[in-house]
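I opened my notebook to work through one protein model.

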Amino acid sequence: MKRSTFLKKSGALAVAGMLPLTSFSMHERSNYKMGYQLFSIRDEMAKNPLDTLRYLKGLGYRDFELYGFDEEKGTYYGYPATELKQILDDLGLTISSGHYGFSPYLKKSDEALERFVDQCIIAAQKLGSKYIVWPWIAPEQRTIDNFKVMAKKLNHIGEQVTKAGLGFAYHNHGFEFLEQNGENGFDIIVNDTDVDLVKLQIDMYWVMHSSKFTPKELVQKQPGRYTMWHIKDMDKVSRDYTELGNGSLNYRELLPDPQESGLEHYFIEQGGNFSHSSKTSAAESAAYFQKHLQKLI
């Protein structure tokens, strides 16, 4: 669908009619825009990203974290960054952060990495995005030696991104917390990187799934460094992902203090295991968050 066609179909009245009654009031009381990680609804983004953004706005989401940057074309979801930025502006939405594909560059030269980072920076700046995030490494890369290599790469990227006026962060999963001969990747990442160059995006689900610490305890160890949060729930039986409010994580107790954390943006997320579909899961999590959690942040 062309942008002009999309905009004709997404007038203010149509959008307003989709909004839950609590969206405006709860959003106004919060210090932050309600965010969503677009990987959570990747099937719909692949089919029609513009209608999907419109749908998510109707649920009360106002800020997003993206994935899937095509460095060869400089596009997101098939759109050049400048065109996607105009669409977001027309809708009153923002994309504050993005997950980028750094894993293949773990063992590549610094020159190759720098070229890729430059591409990420240019696209993020055009999009008006503040943060570039290293989100993941492949299973075969998850050794102690590679975590030490990655820490050096993180510092290198952080310096390059910071000089460009953007922020850089590392996003945890569960594998970083696994002990290997008395060491673990998370400690290496946290301790061997520069706090001014490499911020941390805490995935609270994975912290509770695989770490011996709580999100509050991690924040207390590194106050001011956890500038972004990922918030998703854990199935009570399988420990897989689930919609907010359906699982075992009591976020009313788990959420750290935003000021102590250094919080700038948070993103609700559900990577799979949907109760019905990715769209209904986005709606269920939004409704629960607005009713129970948004006032706490």
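My entries follow, one topic at a time.

**Ground rules**

I am working with a predicted model, where local features need pLDDT of at least 70, side-chain atom pairs count only at pLDDT 80 or more, and totals for chains, interfaces and linings use all residues. Residues are numbered from 1 along each chain as its sequence is written, and side-chain values use heavy atoms, with hydrogens and water left out.

I took helices (H or I, at least four residues) and strands (E, at least two) as DSSP runs, numbered from the N terminus.

**Entry 1**

I began with how a helix pair is described. Two packed helices are described by the angle between their axes and the distance between the axes. The axes are lines fitted to C-alpha atoms, for helices over the stretch in contact, and angles run from 0 to 180 degrees between N-to-C directions.

I looked up helix α5 (residues 49-58) and helix α6 (residues 81-91). Their axes lie 11 Å apart and the packing angle is about 30°. The two helices are therefore roughly parallel. My cut-offs: angles under 35 degrees count as roughly parallel, over 145 as roughly antiparallel, 65 to 115 as roughly perpendicular and the rest as oblique.

I noted that α5 passes α6 in a right-handed crossing. A crossing is right-handed if the near helix is turned clockwise from the far one by less than a right angle, and left-handed if anticlockwise.

Which residues make the contact? From α5 I listed L50, L53 and K57, and from α6 L84, I87, L88 and L91. Contact means heavy atoms within 4.5 Å. I sorted these residues into six nonpolar, no polar and one charged. Here Ala, Val, Leu, Ile, Met, Phe, Trp, Tyr, Cys and Pro count as nonpolar, Asp, Glu, Lys and Arg as charged, and the others, Gly among them, as polar.

How many of the ten residues of α5 are buried? Nine are, so α5 is largely enclosed by the rest of the structure. Among the buried ones are P49, R54 and G58. Buried means under 20% relative accessible area, exposed means over 50%, and partly exposed is in between (1.4 Å probe, protein chains only). Just after α5, I found G60 with a positive phi of about 110°.

**Entry 2: α7 and α8**

Next came helix α7 (residues 110-127) and helix α8 (residues 144-163). Their axes come within 10 Å and cross at roughly 40°. They are therefore oblique to each other. The crossing of α7 past α8 is right-handed.

I checked who meets whom. D110, L113, E114, V117, D118 and I121 sit on the α7 side, and K153, H156, I157, Q160 and V161 on the α8 side. This contact divides into five nonpolar, two polar and four charged residues.

**Entry 3: Ring pairs**

A pair of aromatic rings is described by the distance of the centres and the angle of the planes. Rings of Phe, Tyr and Trp (its six-membered ring) pair if their centres lie within 6.5 Å; planes under 30 degrees apart count as stacked, over 60 as edge-to-face and the rest as tilted.

I counted 17 aromatic pairs in the structure. One of them joins Y67 and Y77: it is edge-to-face, with 5.5 Å centre to centre and 70° between the planes. Y67 lies in the loop between β2 (63-66) and β3 (69-70), and Y77 in the loop between β4 (75-76) and β5 (79-80), so the pair ties together parts ten residues apart in sequence. Both Y67 and Y77 are buried.

For Y205 and W206, the centres are 5.0 Å apart and the planes stand at 85°, so this pair is edge-to-face. Y205 counts as buried at 2% relative accessibility. W206 counts as buried at 16%.

I also found a cluster: ring pairs link F102, Y105, F116, W134 and F168.

**Entry 4: Two serines**

S129 sits in the loop between α7 and β7 (131-134). Is S129 buried or exposed? S129 is buried, at 4% relative accessible area. Its C-alpha atom is 8.1 Å from that of L166, 37 residues apart along the chain. Leaving aside neighbours within four places in sequence, S129 contacts I95, S96, S97, G98, A124 and L166.

S285 is in helix α14 (residues 278-293). S285 is buried too, at 2%.

**Entry 5: Two asparagines**

N181 has a positive phi, near 55°, though it is not a glycine. I placed N181 in the loop between β8 (167-171) and α9 (185-191). N181 is exposed, at 84% relative accessible area.

N273 also has a positive phi, of about 55°, and is not a glycine. N273 lies in the loop between β13 (265-268) and α14. N273 is partly exposed, at 38%.
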